[in-house]
Amino acid sequence: MSNSKLVNYTKLSPNHSGARTHSIDRITPHCVVGQCSVETLGNIFMDADREASCNYGIGADGRVLLCVDEENRSWCSSSNSNDQRAVTIECASELKHPYAFNEKVYNKLVELCVDICKRNGKKKLLWINDKNKALNYSTKSDEMLLTVHRWFDDKACPGDWLYNRLGNLAKSVTEQLSGKVEKPTLTYRVYADGKWYSEVKGLSNVAGRKKQAISAVAVKVSKGDIRYRVHLLNGDWLPWVDGYDIKDDINGYAGIKGKVIDGLQVEFEGVGDYKATYRVRMQGEKRFLGWQYNGEKDTKQDGYAGIIGGKIDGLQITLT
């Protein structure tokens with residue numbers, strides 16, 4: 001039995017029961033009740049006195065911890081019978097009810113569930129919102145069942161935020177397993193001529209206005225992970241950002257208001273095989289430059305959109 005290749009950090013806890021006595025047919029996501037890093041999670045479960053662990057953890061930044069090998073039973077759900085057959089996942093969350101997950105954590109949870117199902121030969125993830133029906137359900141050979149900690153102990157885990165989304169989680173994972181992946185919605189806008197222009201969704205329009213040089217870009221997606229950065233005219237590449245908030249000049253958009261850009265990079269992952277697909281129009285030109293795909297480079301792609309030394313006045317971004 002293999003572990004997930006999505007793992008970014010490994011710290012194996014001594015708190016486990018060794019090899020499972022039941023094949024894997026359940027996934028049990030938990031809320032940590034804290035915006036922990038994977039390093040912090042790993043340290044927490046190294047304490048033998050806690051008598052607790054998990055197979056995987058997802059930190060607040062979306063990174064994945066391997067805490068107990070998937071072939072072993074973790075101590076996570078206050079139930080030997082559940083933990084023997086479930087892959088348990090502790091997820092960083094808010095400290096208070098409803099213990100919400102941020103977008104990175106939730107998207108990584110979806111991706112990790114897809115990976116777990118694939119490696120264990122499952123084609124469907126099920127959510128049955130009834131404890132008795134769920135625990136008495138006999139899964140078929142190609143099915144995986146979601147279970148929750150609150151069914152086995154007097155706890156709120158995994159919190160109402162996730163509990164109310166478990167149906168959507170099961171649907172998203174099953175869609176990806178079937179290959180019928182719904183395309184995420186991509187939204188973006190640009191700053192030029194001293195103001196933020198209206199949002200554009202996909203290829204519904206062009207972000208920007210002819211002859212008005214762009215100095216900042218903001219991009220977001222409904223699902224998956226996106227990051228982007230810009231190159232300043234007569235300057236350098238600025239740091240990658242992954243947020244979407246025009247009031248946040250650190251991680252809410254890429255660029256510096258009033259300083260013109262001449263290059264753009266966008267990268268997307270986490271939903272099927274979709275890639276960020278984008279192009280720009282140079283100031284004074286009627287046509288757009290060629291499409292770029294993530295940061296790929298080949299005979300037709302430079303790894304970014306734009307021409308270093310030239311101003312940009314329009315852009316389009318989608319997923320393909």
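In this predicted model, Phe 101 touches His 30, Cys 31, Cys 91, Ala 92, Ser 93, Tyr 106, Leu 109, Pro 158, Trp 161 and Leu 162, with residues up to four places away in sequence left out of the list. Phe 101 itself sits in the loop that lies between β7 (86–91) and α3 (103–119).

**Phe 101**
- Phe 101 has a relative accessibility of 5%, and because buried means under 20%, Phe 101 counts as buried.
- Between the C-alpha atoms of Phe 101 and Ala 305, which are 204 residues apart along the chain, the separation is 33 Å.

**Helices α3 and α6**
- The axis of α3 and that of helix α6 (residues 166–178) come within 9 Å and cross at roughly 50°, and the two helices are therefore oblique to each other.
- The crossing of α3 and α6 is right-handed.
- On the α3 side the contact is made by Tyr 106, Leu 109, Val 110, Cys 113, Val 114, Cys 117 and Lys 118, and on the α6 side by Asn 168, Leu 169, Ser 172, Val 173, Gln 176 and Leu 177.
- By residue class, the contact of α3 with α6 comprises nine nonpolar, three polar and one charged.

**Thr 318**
- Thr 318 belongs to strand β20 (residues 312–319) and, with a relative accessibility of 7%, counts as buried.
- Not counting residues up to four places away in sequence, Thr 318 touches Lys 183, Leu 186, Leu 203, Lys 275, Ala 276 and Thr 277.
- With Lys 183 there is a polar contact between the two side chains, at 3.4 Å from Thr 318.

Key. Residues numbered from 1 in each chain as written. Predicted model: local features only at pLDDT ≥ 70, side-chain atom pairs only at ≥ 80, totals over all residues. Heavy atoms only, no water. Helix = DSSP H or I, 4+ residues; strand = E, 2+ residues; numbered from the N terminus. Buried < 20%, exposed > 50% of the residue type's maximum accessible area, 1.4 Å probe, protein only. Contact = heavy atoms within 4.5 Å. Axes fitted to C-alpha atoms, helices over the stretch in contact; angles between N-to-C directions. Parallel < 35°, antiparallel > 145°, perpendicular 65-115°, else oblique. Left-handed = near helix turned anticlockwise from the far one by under 90°. Nonpolar A, V, L, I, M, F, W, Y, C, P; charged D, E, K, R; others polar. Polar contact = N/O pair within 3.5 Å; in protein donor to acceptor, adjacent residues only side chain to side chain.
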